Amino acid sequence: MTEWAVELKGVKKTYRTGPIEVPALRGISLQIAPGEFVATAGPSGSGKTTLLNIIGGLDRADAGEMWVAGQNLQLLSSGELASLRLHRIGFVFQTYNLLPVLTALENAEFTLLLQGMPAHKRRERVVKLFSEIGLAGLEDRRPAELSGGQQQRVAVARAMVTEPALILADEPTANLDSATAIALLDVMEHLNRTTGTTFIFSTHDPQVMERAHRMIRLQDGQIASDVARAATGLPLKAEGVAV
Amino acid sequence: MTSALLLVKLSWRNLWRNPRGTLLTAVALGLGLALLLVSLGLLDGGHEQTIADGVRFGPGHVVVQAKGYQDTNSNELLLPAQVVSAVEAFLQNGIMQPLVKGVSPRLLATGLLSSAANASGVRIMGVIPKNERAVSLIPQRMIAGAYLNNDKLSGVVIGDDLARKLEVKIGSKVVLMTQALGQTGTKTTQGAGDQMQSTLLRVSGIFRTGLQAVDANIIQVALPAAQTLLGVTDGQVTQIALLLEREGDSPLVAKALRRQLVGNPVEVLTWRESIPMLAQILGLDHAFNYIMNGVILAMVGLGILNTILMRVLERRYEFGVCKAIGLRPRQLALMVIGESLALATISLALGLALGLSIDHYFASSGLDLRLLFRTGLPPALVFDPILYSRLSPNRIVWSVSIVFMMATIISLYPALKAARTELPDALKVL
């Protein structure tokens, strides 16, 4: 039996503001295998960010079942969710979100430090990753001294450095120009290929969609289409559920 | 441990994201501490001066007198001669001697002082001039003539208010009339009890203390003259006033004397017991000062709360990211508390530097109160117009602890706010 990196069954989420109810997810079911490079797309309000938040344990669903890295998210306390995020999930945010007071290297090693890894091992791992993704020599710069693309790479390094099972990226190229966005995608795809880490990102960007190996389109909180396209070695999927 | 170091590093660096804001807040808190230190130093200095002056115009730091004198003020309650010699012998021993600056036996009574022009009721103090010089401030406040000496038993020193009333000057003749003391128990052993006695004296000195009660009422004569007038023999006196090197030793010396004189019909009182009014006034002054400092610190504290809270609120998104990547609420709270404590440390350093510098100036050069009174000092001001600060190490530790504790308590609410950063709401891009 396949152990999915992510498995959702009938996930529902409704936001409530006073008497107004806004359904964000209306029964999402999907499976994502380890090592997949998946994009979720759809118009604003289609539920992309909510889906990523729920998969990442940042938000809780109202109904349905969710397994991430073999853990049933419904059964985890907020402390256990924090631990899952720290050890098994990496996040890349739209606006980089590096801590401005830390250097690039310190930002990247932040999660390792929280995990309690010794200093020399942290440094070794970050420096190696930096050289892989074109950040060599920028270790001691503060975020304000880096370009947007470089900052987003540092954010990717921060997400990757703990060697998580899953990386969630919410519109990672939204604030980058085309060339920088393509370079970032190269980095992410390279890491996906070499480490086998599962990537799930939301996007509006057509060139990101083109690079995804599997494309999940959302519409009004439901999966409108789910298509596997690239020759990634992964099984082809029909719309809806992975084979 | 490693993550604790990370939090310390983060806190310190976060503090300097807005250097101007940090410095302004640090200066505000530092000024609060400096103000606290300076006001406490001047308060304690003023109190020390007040106590020093108060006891030297009164019964000294410690007074030994016949049992019941404090309550009755009866002229007839006298210390037996053996008590006087026992006290003097005890104060000469090796342990007590370094603590005691002066010892003055006094015979106290009331009488009527008359001149050719007028008469006035007076409080008679029979003193040994040499001893009284070591205890009382009156010998130092002579404005005319000279203080008593042992050779001239007919001399009397009076206050300038009394001199004005009697229209006398140095060398003027005055007549002192009083009632001779009775003869029972610890009272006088011989004399003309209940009979009026009078003696002719010459004004040898006039003093001005500024205290109306002293300047208009107190007269001092040599102890033998007073004893003769009152019919007291055997060296009996009303009280023995002790001036100590340090006010703080008063309870210790009083306790030792009580132990030494146990079984004798005497009372040994510290200045707090013999001049309770002075102790109460100083206590009230302390309370008022604490309230004022409390108000100042509360205002500074609210300013700091506002600053830290604003810093936390504007970093809500950042806290959301920290939480998303695995920082726990407790760690977020510690980070904010760490920032506040780092800010408090800088403020305390600034406040200590400033406060101690100002205090040093006031301790060495003093604060000249005459600058506050354009038309001269109020006539009632008895004390040295230059106020010297006295800031004890205990006060410094206390002040620093209060301010540090305040900063810690103030940081709790913003820390709680940071810890309660809600996911995923905090991650919404505005």
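I began with the crossing of α13(B) and α14(B), which is right-handed (the near helix is turned clockwise from the far one by less than a right angle); helices here are DSSP runs of H or I with at least four residues, numbered from the N terminus. The model is predicted, with local features needing pLDDT of at least 70 and side-chain atom pairs counting only at pLDDT 80 or more, while totals for chains, interfaces and linings use all residues. Residues are numbered from 1 along each chain as its sequence is written, and chains are lettered from A and ligands numbered from 1 in the order in which they are written.

I then looked up the geometry: α13 (residues 329-364) and α14 (residues 393-419) of chain B pack at an angle of about 150°, with axes 8 Å apart, the axes being lines fitted to C-alpha atoms over the stretch in contact and the angle running from 0 to 180 degrees between N-to-C directions. That makes α13(B) roughly antiparallel to α14(B) (over 145 degrees).

Next I listed the contact residues (C-beta atoms, placed from the backbone, within 7 Å), which include Leu332(B) and Val336(B) of α13(B) and Val403(B) and Phe404(B) of α14(B).

For the chains, I noted that 18 residues of chain B are in contact with 19 residues of chain A. α1(B) gives the most to the side of chain B that touches chain A, with six residues.

Last, I found that Ile200(A), leaving aside neighbours within four places in sequence, is in contact with residues including Ile32(A), Leu52(A) and Leu166(A).

Note on methods: Two residues are in contact if their C-beta atoms, placed from the backbone, lie within 7 Å. Helices (H or I, at least four residues) and strands (E, at least two) are DSSP runs, numbered from the N terminus. Angles under 35 degrees count as roughly parallel, over 145 as roughly antiparallel, 65 to 115 as roughly perpendicular and the rest as oblique.
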